[in-house]
Each structure stands twice: as C-alpha cells, then as structure tokens.
Amino acid sequence: MRNFRIAPSILSANFAKLGEEVRAVIDAGADIIHFDVMDNHYVPNLTIGPMVCEAIRPITQAPIDVHLMVKPVDTLAAMFAKAGADIITFHPEASEHIDRTLGVIKEAGCKAGLVFNPATPLHYMDYVMDKLDMVLLMSVNPGFGGQKFIPGTLDKLREARRRIDEYTARTGREIWLEIDGGVKIDNIAEIAAAGADTFVAGSAIYNTPDYKATIDAMRAELAKVKE
Ligand SMILES: O=C(CO)[C@@H](O)[C@H](O)COP(=O)(O)O
Ligand SMILES: [Fe+2]
C-alpha cells in the first residue's frame with residue numbers, strides 16, 4: 001500500500017489570516033502545505049513570494065511544497081530554499097537548463113521536482129530521474145484554483161506511475177507522484193488508483209466549513225483504494 005499524503009493549497013485560503021489557515025489544515029490532519037507561486041508572466045496570475053514562505057515557516061513543521069509557476073526559475077528557487085521551503089517544483093518549459101535548475105534546488109538542501117502541464121510530455125523526466133524527488137502532474141492548466149479536473153490526466157498518471165515504479169525497482173530510490181488541480185472527495189480515489197500518492201487540494205478543502213471533516217472524508221476514500 002502506497003503512503004498517501006494530502007497537501008492543501010493555500011491559494012484558496014483566506015489571506016487575511018494566512019497563519020491561522022496554515023495551522024488549521026495541519027491540525028485537521030493535512031501532511032504538507034502546498035504553496036503556489038505565480039508571476040503574471042509564466043501564468044496569468046500573481047500570488048505570493050519568498051517573504052510569505054518565510055513568514056509561515058515557523059508556524060508548522062510540515063513540509064512546505066513550493067510550486068513555482070515562474071519564468072525564469074533559478075533565482076526564485078534559491079530564494080525559496082532560503083525562505084524555508086522543503087520541496088521546490090518547477091515547470092520544465094520555464095527553465096532554459098532543467099538539469100542546472102534541479103541542481104540549484106538540491107544544492108540548496110531542498111527536494112526537487114518537475115511539474116507537467118496537461119499537454120507537457122513526460123519525456124522531460126527521462127534523463128534527470130536521479131535528481132527528482134517529486135513528479136507533479138497538473139490536472140488543470142496552471143494559474144488558478146477552483147478549476148475542473150481534466151480526465152485525460154488519469155492515463156498520464158498511470159504512465160508516470162509505471163515509469164517511477166520501474167525506476168524505484170531499479171535504484172531503490174523513491175519519487176513522489178503528486179497531482180494538482182480539481183482534486184475533490186468524489187474523485188480522489190480514482191486519482192489514487194491511477195497512481196498518485198500526494199494530493200493537492202485547494203478549493204476542495206478551504207472552501208468547506210470543516211477542514212477536518214473534508215480531510216477525513218478524503219482519507220476514507222483513499223482507504224478504499226486497491227493497488
Ligand atoms: O497550482 C495550482 C493552480 O495553478 C493549484 O495548486 C491550485 O491551487 C489547486 O486548486 P484546486 O483546483 O484544488 O482548487
Ligand atoms: Fe499548485
């Protein structure tokens with residue numbers, strides 16, 4: 001049985017009380033804080049930077065998973081590592097030198113990952129598997145919370161799971177497979193069955209009145225998944 005991790009995206013949190021919102025989802029049983037960084041260049045939206053990461057760092061011991069939707073990547077990746085990020089992922093199309101960017105993140109002491117948009121082919125991971133700690137598949141086009149899950153992502157997840165399992169069997173190294181966009185209580189089991197082990201959920205958690213009830217319901221769905 002795979003370990004399943006739930007990663008609320010603070011993009012849908014109430015920014016007027018962000019610290020409380022981070023604490024609330026962790027107290028409600030979440031495993032990871034997903035931190036969406038958008039630059040109004042690589043994606044048409046603008047969110048939060050390293051200063052906000054630094055501000056929430058003392059609030060929780062849970063890993064902060066920084067999803068960089070920015071171009072260029074390297075300078076900001078280094079700044080987020082300094083600000084206390086644990087995991088930093090970026091979109092391969094946004095980096096001129098993917099291997100170098102992965103190196104910048106790893107040398108700064110963080111776990112590194114690549115993010116695949118719905119139409120981005122998985123071959124970007126081929127020659128850098130040894131530097132990857134996470135593969136993140138977008139199940140919506142990046143830039144906004146609250147979008148609908150793109151069903152074609154399920155086949156892509158199965159293919160990513162196959163590649164990661166083959167790599168792990170060969171090397172003994174684990175790579176997390178995260179899914180991001182439109183994850184809800186009613187589709188999380190199907191997404192897990194297709195291969196994901198880490199589930200970003202923004203609106204599905206933060207737009208509900210009882211975060212614990214929502215996270216418990218997600219875990220109950222995950223408990224039904226047969227591998
Ligand atoms: O990276 C992104 C969007 O670009 C996400 O992390 C969203 O924040 C997920 O939001 P929901 O689809 O779960 O509402
Ligand atoms: Fe994200």
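1. The place of Pro121 is the loop between strand S5 (111–116) and S6. The model discussed here is a predicted one. Pro121 counts as exposed because it has 11 C-beta neighbours inside 10 Å, the limit for an exposed residue being 12 or fewer. The C-alpha atoms of Pro121 and Thr214 are separated by 32 Å, and the two residues are 93 residues apart along the chain.

2. Pro44 may be read alongside this. Pro44 lies in the loop between S2 and H2 and, with 12 C-beta neighbours inside 10 Å, counts as exposed. Between the C-alpha atoms of Pro44 and Cys110 the separation is 27 Å, for residues 66 apart along the chain.

3. Asn40 deserves a check of its backbone. Asn40 is also placed in the loop between S2 and H2. Its phi is near 55°, a positive value in a residue other than glycine. Most residues other than glycine have a negative phi, and most peptide bonds are trans. Asn40 counts as exposed, since 12 C-beta neighbours lie inside 10 Å.

4. A further backbone feature concerns a proline. Lys71 and Pro72 are joined by a cis peptide bond, with omega about -5°. Pro72 is located in the loop between S3 and H3.

5. Which residues of helix H3 are buried? In this helix, residues 74–82, they are Leu76, Ala77, Phe80 and Ala81. Seen down the axis of H3, these buried residues fall within an arc of 140°, so they line one face of the helix. An α-helix has 3.6 residues a turn, so residues three or four places apart point the same way. The partners against which the buried residues of H3 pack are helix H2 (50–56), strand S3 (64–69), strand S4 (87–90) and helix H4 (98–107). Just after H3, Gly84 takes a positive phi of about 105°.

6. Two of the partners of H3, S3 and S4, also pair with each other, in the parallel sense and over four bridges. Asp65 stands opposite Ile87 in S4. Both faces of S4 are covered: Ile87 and Thr89 are buried on one side, and Ile88 and Phe90 are buried on the other. In a regular strand the side chains alternate between the two faces of the sheet.

7. The UniProt annotation "binding site", from an unreviewed entry, covers His34, Asp36, His67 and Asp180. These residues are spread over 147 residues of sequence, yet they cluster in space, with a largest C-alpha distance of 10.6 Å.

8. His34 is found in strand S2. Leaving aside neighbours within four places in sequence, His34 is in contact with Ala7, Pro8, Ser9, Ile10, Asp65, His67 and Val200.

9. Asp180 lies in strand S7 (residues 176–180). Asp180 is buried, with 27 other C-beta atoms within 10 Å. Its contacts, leaving aside neighbours within four places in sequence, are His67, Leu136, Met138, Ser139 and Val200.

10. Phe144 is partly exposed, as 16 other C-beta atoms lie within 10 Å.

11. Which residues come nearest to ligand 1? Of the 22 residues around ligand 1, they are Ser9, Leu11, Gly145, Gly202 and Ser203. The elements that give two or more residues to this shell are strand S2 (33–38), strand S8 (198–201) and helix H7 (203–206). By class, the shell holds eight nonpolar, twelve polar and two charged residues.

Note on methods. Residues numbered from 1 in each chain as written. Chains lettered and ligands numbered in written order. Predicted model: local features only at pLDDT ≥ 70, side-chain atom pairs only at ≥ 80, totals over all residues. Near = placed C-beta within 6 Å. Nonpolar A, V, L, I, M, F, W, Y, C, P; charged D, E, K, R; others polar. UniProt positions renumbered as here; feature names shortened; annotations may be inferred. Contact = placed C-beta atoms within 7 Å. Buried ≥ 20, exposed ≤ 12 C-beta atoms within 10 Å, placed from the backbone. Arc of directions from axis to C-beta. Pairing = 2+ DSSP bridges.
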